[in-house]
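Here is a short briefing for a first look at this structure. Please keep the sequence and the 3D view at hand.

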Amino acid sequence: MLAKEVKTGIHFINGDEACCEGAIAAGCRFFAGYPITPATEVAEAMSRRLPEIGGIYIQMEDEIASMAAILGASWGGVKSMTSTSGPGFSLMMENIGLGVCTETPCVVCNVQRAGPSTGLPTAVAQGDMMQARWGSHGHYEIIALAPSSPQEMFDFTIRAFNLSEYFRIPVLLMADEVVGHMNERVVIPREEEIEIINRRKPTVPREDYLPYEADPDGIAPMATCGEGYRVHVTGLTHDERGYPVMDAKTQEKMVSRLVGKIRNNRDKIISTKNLYLDDADVVVVSYGITARSAMQAVSNARKEGIKAGMVKLETVWPFPEELIRSLAPQTNAMIMAEINGGQMVLELERAACGACPVSLVSNFGGSILHPNLIANAISKMAKGKT
Amino acid sequence: MTTAKAQKSVPPHPMDSLLRTERIPHIWCPGCGIGTVFSAVLAAIKNTGWDPDDIAMVSGIGCTGRMAGYIRLDSFHTTHGRALPFATGLKLAKPETKIIVVSGDGDLFAIGGNHFIHAARRNMDITVVCVNNLNYGMTGGQQAPSTPLGAKTTTTVNGSPEEPFNFCNLAASCGATYVARWTAMQVRSLRSSIGEALHKRGFSFVEVVTPCPSSFGRRNRMGTALEMLKFYHGRSVIRSDIDPKDATMDIDREIVVGKFVDIERPTFMDHYERINRAKMPQWLSMHPDHQKTR
């Protein structure tokens, strides 16, 4: 008997393993990776699970190769994924750009650890958020999600595949060491309850197919290798035929569409969990493991009579700027809680646009933020304004 | 004037069915040897008689990398040095597709050197054709891992202080199942070697010593393109089946050409299937017939 593809049931597993099960449930059948703490367990789980269900696990010589291999596999028509942490994420950057430019669906899981450089390999951080945004060269838009629990590692990995297939873009799953390594209850639903989105396929005859001619929503149907469409795929600036054209006009047209397909579909991508926003004087914005500390702090503040609210970013990129822009004028203060020197807080400040004060609660990595730290900031901000 | 020239009807070329003719003229310099290698690749592909939909070309960056943009196959022009890992993913996702990687010496052996070593070690079922023009042509002629000791390039104006790789020896020692070298003048042998390489199961490698008259030739006073071609041909000695470490590649002494390796060895997929089937008798491979469409 072959192993089950979707392990329906209640499990007690860590976030990295949950990510693997989410990927398999989403239809991922190719994983290329390189061991790195704290993401190794994703690769280990994949190396056990993929052969069981007719998939391929390959350990590449480095993360550059891993990223290149998952792009190749995606063009072979197979959903593909890699996982890594900071140093490997840095090595993947160039080929993430190739994936963006060639509109190649795939998922990259970054279980973040403290940097810069080798940093603290076994300890938590959220220092790669801006690297996720624009770490590869050139201008582009990206989609990134931030899970806060093993359950969300499972759920968001599926969503990451669905978004990557729909929008034809590498989607980044920005996890962190604590979420990756903590064991919690993970409920895997029945296969038929899991929504799966697959890439759009061409419907026109071969001779009429233009690989990069987009539908009105900015997304082009994708013919893959061996389907008879004889696609040409290049990281050079290209036209609708996929052929390189070295001029500013083509560059403008191509990048506008690459950027536009994400910007213009923000409502389909952005997802937040909002708590007590109706009457909130102080709003805490957070994501990943830190959102759990923040949630605890907000609920403690409520118990003390402070009208605190919370926006948990489920997708971090694109940033929910419309939501923040509408909240800021009705709010006395906003707080960003994150494990880095202040990265997403810059987006929060930008979106709040001076309509309310914005402050940062953070450390540089190595440990999670204690809820008290965030609670103190909430009461300070609440006193300061009301 | 150029418009009138472009509008003049061009007689069909026997390889037109494999060319993206709308992309011609190509970007290669007059006298460049890449065109010769490209037509040998096309002829070898045509001779296989395989359905072109079942063949894909993957390339890296550089002059040779542009081949992928002219061939009418599924073709992938990837990042610098990364053609082989991209091709590895493509091959494993679509094992029934024949994959040919074409790239230059700099792409395959400098920035992509590590990938070459490991793709050969794993015996990925991929054919690699390396155009060795002894320098980085696309960027104007800089030192490459193939540049002969003492040769002039824009980054070694007094002569290169480094000894070059012997690519065939490297490929053989890393586990390639087929290794051959020719100069761009030996078209017939080249074509037949590429054909053999395509039919070979496993990692096959064909190196072509190719004139780059615009950059390498000009700086090293090697004369016209034709003179360069003749020079390499004149230095070449056919010594097939010798130990690859004796396959000297030295433009000042001799360029040993021929077929140096032609062996059988299980591929990555052979081992992957064997090992998994031993544990799981009903094991399904990645073959699309076994894939559930999700």
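Which residues in H3(A) meet residues in H4(A)? On the H3(A) side they are Glu63(A), Ile64(A), Met67(A), Ala68(A) and Leu71(A). On the H4(A) side they are Gly88(A), Leu91(A), Met92(A), Asn95(A), Ile96(A), Leu98(A) and Gly99(A). By class, this contact has eight nonpolar residues, three polar and one charged. The model is predicted.

**Helix pairs in chain A**

- Helix H3 of chain A spans residues 63-75, and helix H4 of chain A spans residues 86-102.
- The axes of H3(A) and H4(A) come within 7 Å and cross at roughly 30°. Because of that angle, H3(A) counts as roughly parallel to H4(A).
- H3(A) and H4(A) cross in the right-handed sense.
- Helix H1 (residues 15-26) and helix H2 (residues 40-52) of chain A also pack together. Their axes are 8 Å apart, at an angle of about 45°. That angle makes H1(A) oblique to H2(A).
- The crossing of H1(A) and H2(A) is right-handed.
- H1(A) contributes Asp16(A), Glu17(A), Cys19(A), Cys20(A) and Ile24(A) to the contact. H2(A) contributes Glu41(A), Val42(A), Ala45(A), Met46(A) and Arg49(A).
- The contact of H1(A) with H2(A) has six nonpolar and four charged residues, and no polar ones.

**Two domains in chain A**

- The domain assignment of chain A gives domain 1 as 9-193 and domain 2 as 273-385.
- The centres of domain 1 and domain 2 of chain A, taken over C-alpha atoms, are 27 Å apart.
- Domain 1 of chain A puts 24 residues into the contact, and domain 2 of chain A puts in 21 residues.
- On the domain 1 side, five elements of chain A each supply at least two residues: strand E6 (120-124), helix H5 (129-134), strand E7 (143-145), strand E8 (170-176) and helix H7 (177-181).
- H5(A) gives the largest share of that side, with four residues.
- The domain 1 side that touches domain 2 of chain A has 18 nonpolar, three polar and three charged residues.

**A five-strand sheet in chain A**

- Five strands of chain A form an open sheet with mixed pairing, in the order E11-E13-E12-E15-E16.
- Strand E11 (272-275) and strand E16 (358-362) of chain A each have a single partner strand, so one side of each is left without a neighbour in the sheet.
- From one strand to the next, the twist averages 20°.
- Strand E15 (residues 333-338) of chain A runs parallel to E16(A), and five bridges join them. Opposite Met334(A) stands Val358(A) in E16(A).
- Helix H10 (residues 288-303) of chain A lies across E11, strand E12 (282-287), strand E13 (308-313) and E15 of chain A. H10(A) runs at about 155° to E12(A).
- Helix H12 (residues 344-352) of chain A lies across E12, E15 and E16 of chain A. H12(A) runs at about 160° to E15(A).

- Nine strands make an open sheet of mixed pairing, in the order E10(A)-E2(B)-E1(B)-E3(B)-E4(B)-E6(B)-E5(B)-E8(B)-E7(B).
- E10 of chain A and strand E7 (236-238) of chain B are the edge strands, and each pairs on one side only.
- Neighbouring strands of this sheet are turned by 20° against each other on average, direction ignored.
- Strand E10 (residues 232-234) of chain A pairs with E2(B) over three bridges, in the parallel sense.
- Val233(A) has Phe76(B) as its bridge partner in E2(B). Thr234(A) stands opposite His77(B).
- H3(B) lies across strand E1 (55-59), E2 and strand E3 (98-104) of chain B. H3(B) runs at about 175° to E3(B).
- Helix H6 (residues 167-174) of chain B lies across strand E4 (127-132), strand E5 (178-183), strand E6 (204-209) and strand E8 (255-262) of chain B. H6(B) runs at about 175° to E5(B).

**Where the chains meet**

- The contact takes 42 residues from chain A and 36 residues from chain B.
- On the chain B side, the elements that give two or more residues are strand E2 (74-77), helix H3 (83-93) and helix H5 (113-122) of chain B.
- H3(B) supplies the largest share of that side, eight residues.
- The side of chain B that touches chain A has twelve nonpolar, 16 polar and eight charged residues.

Notes: Residues numbered from 1 in each chain as written. Chains lettered and ligands numbered in written order. Predicted model: local features only at pLDDT ≥ 70, side-chain atom pairs only at ≥ 80, totals over all residues. Axes fitted to C-alpha atoms, helices over the stretch in contact; angles between N-to-C directions. Parallel < 35°, antiparallel > 145°, perpendicular 65-115°, else oblique. Left-handed = near helix turned anticlockwise from the far one by under 90°. Contact = placed C-beta atoms within 7 Å. Nonpolar A, V, L, I, M, F, W, Y, C, P; charged D, E, K, R; others polar. Pairing = 2+ DSSP bridges. Domains from an automatic or database assignment.
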